[in-house]
Amino acid sequence: MIGRLNHIAIAVPDLEKAAELYRTVMGAKVSAPKAQPAHGVTVVFVELPNTKIELLHPLGEKSPIANFLTRNADGGIHHVCYEVEDIYAARDKLKAGGARVLGDGEPKIGAHDKPVLFLHPKDFTGTLIELEQV
């Protein structure tokens, strides 16, 4: 059901510093910051040959990333995103297998302008999972 790894999201306390680290030290292609008000984050995409890294920084006081950074002041991996062909079929199959879909269970438009869902980390060995329809 799941396809390729789309990205790994890392919450960072200093977006400019993290982007510069990937750009200069790692030699990666790094996008400009993009505000995502609907998700409460500013994102920078680090392009790799086989996937992406999504650097996340809080945007506004109600950002879910702000809470994550309160618990993890230095930042860290926030979630892993897998691609799926049909997000509704994937959701229904996962729910039938006992997985919990976060929120109201309906896909939202994510940072890549595609439908996404998040799955409860307690159902996936402590890892927050994002599904993105390709």
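Guide: Begin with exposure: buried means under 20% relative accessible area, exposed over 50%, and partly exposed in between (1.4 Å probe, protein chains only). Asp113 is exposed, with a relative accessible area of 57%. This is a predicted model, in which local features need pLDDT of at least 70, side-chain atom pairs count only at pLDDT 80 or more, and totals for chains, interfaces and linings use all residues. Residues are numbered from 1 along each chain as its sequence is written, and side-chain values use heavy atoms, with hydrogens and water left out.

Visitor: What is the phi of Asp113, and where does Asp113 lie?

Guide: Helices (H or I, at least four residues) and strands (E, at least two) are DSSP runs, numbered from the N terminus. Asp113 sits in the loop between β7 (108–109) and β8 (115–119). Its phi is near 60°, a positive value in a residue other than glycine.

Visitor: Is Thr125 buried or exposed?

Guide: Thr125 is exposed, at 81% relative accessibility. Thr125 belongs to the loop between β8 and β9 (129–133), and phi of Thr125 is near 50°, again positive in a residue other than glycine.

Visitor: How many helices and strands does the protein have?

Guide: There are 3 helices and 9 strands, in the order β-α-β-β-β-β-α-β-α-β-β-β from the N terminus.

Visitor: What share of the residues is buried?

Guide: Of the 134 residues, 42% count as buried. With contact meaning heavy atoms within 4.5 Å, residues 24 or more positions apart make up 53% of the contacts with a separation of 6 or more.
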